[in-house]
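Hi,

Here's the model I promised to pass on.

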Amino acid sequence: MRTLTDLIVEQGLLKELDPSKIETISGCGKNAVFEAGAYIQKEGDPADHFYLVRAGKASLETFIPGRGNVIFKTLSEGDLVGVSWLVPPYRSSFDARALEECRAIEFDANCLRQHCEADHDLGYALLMKFVPVILDRMRSARLQILDVYGPDGDG
Amino acid sequence: MKDDRGLISAMVPAAARVLRRQVEYDEVVTLEVERPATLTKEFLPGQFNMLYVFGVGEIAVSHSGHPFHQDRIVHTIRAVGKVSRALILLKPGDWLGIRGPYGTPWPIDHAKGQNLIVVAGGLGLAPLRPVLYEVSSAKDAYRSMRLIYGTRDPSSILYQSQFEGGPWAEFGQVTVDSANLDWQGNVGVVTDLISADTLDTENAVALICGPEVMMRFSANALIDLGMREDRIYVSLERNMKCAVKQCGRCQFGPYFVCRDGPVASFGQVDKLLKIAEL
């Protein structure tokens, strides 16, 4: 039977971490399942958890008056849901929802923050895993804002 | 001294009749045009024609038809200016002027026996459609074939029927920048789909077409996965006037896009794409 540590290692994001660090991280995790349509997190909620998607598909969304909920990013196996737990005020910035049944590893953010505070090597190692994800999403967001597919030219 | 008569005749459009008009989505139309007998040269995927609307003007538009069906000329056009707006309003039976084909083609033969990666953004799928037609009919000639297509939203997916249960479904992936909840597909920018998990970039050739910023980011994402610049090809878009390398309107650094492009290797043009003045 596979342990939570095995499941974490199977996902790309954290697999290169030192085994002892993965063991510590897995101590703050548990399995979670979200039915299609269920919210994983809601905008403005305390960022008490974050998730590593194991299977299924999830969305990051926000509500726009007149348009309803608009999806700006879909996430699948290996993707991270939630980065707001890293820094104060620890509040979720967007809605996250399962678009289909979604299996994930749920991490207790308080638990992990305490470990990171006690072991800065762990905190640094985790940040080095999270920062590229944040950078990638920031790059994507900027391209989305630029609306590069809009009409252009004069011919 | 130049042969002015030859030059002039090369710039005279042939009259051609519109056979079919297909609205793709808002302000984007595909025209099927009867090929005039005087246009003797067959087009290669990636090349373009100059389309002339009588009394309005002339613009360059890439071929987007089937390279094996050369009896009809197919162009997908978005209304962005007075000529393109007049073009999308043409109806079956209307006449327009055509000259071409011009420019460099996609290096499809160079990709044979290798992994072919096609990345398209927005209307940039149109100049790549002839490639997809050709490659789809000879899949065994390539080690693998992948199409990644990004666009603004689900309502602006070009040639939608080709993806959903169509011939491109098996090798194509679509992503949109944003979507409402009724969209079941991927949401995110096109570079989100350029990943080592899904693409084999070893011995790969990549063809990219779309807005310039999208092409730059896509090419750099492929380079980050280990691809060489000279194995990545992009299609340049510059305003063209004569299309026969005389007027200099399409000059891009040391190149004339009508002669040296529109298809060029990313290694050839990478630095030029970052010069705002060009």
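The contact between the two chains draws 27 residues from chain B and 21 residues from chain A. Keep in mind that this is a predicted model. On the side of chain B that touches chain A, the elements giving two or more residues are helix H2 (82-88), strand S10 (179-180), strand S11 (186-187) and helix H5 (212-224) of chain B. Of these, H5(B) gives the most, with 3 residues. By residue type, that side of chain B splits into 12 nonpolar, 11 polar and 4 charged.

Strand S5 (residues 68-75) of chain A is joined to S10(B) by 2 bridges, and the two run antiparallel.

Now for chain B by itself. The domain assignment gives domain 1 (4-102) and domain 2 (109-273). Their centres, taken over C-alpha atoms, are 22 Å apart. How many residues does each domain of chain B put into the contact? Domain 1 of chain B supplies 20 residues and domain 2 of chain B supplies 20 residues.

On the side of domain 1 of chain B that touches domain 2 of chain B, two or more residues each come from helix H1 (4-10), strand S1 (14-25), strand S3 (48-53), strand S4 (57-62) and strand S5 (72-78) of chain B. The residues on that side of domain 1 of chain B divide into 11 nonpolar, 7 polar and 2 charged.

Cheers

Note on methods: Residues numbered from 1 in each chain as written. Chains lettered and ligands numbered in written order. Predicted model: local features only at pLDDT ≥ 70, side-chain atom pairs only at ≥ 80, totals over all residues. Contact = placed C-beta atoms within 7 Å. Helix = DSSP H or I, 4+ residues; strand = E, 2+ residues; numbered from the N terminus. Nonpolar A, V, L, I, M, F, W, Y, C, P; charged D, E, K, R; others polar. Pairing = 2+ DSSP bridges. Domains from an automatic or database assignment.
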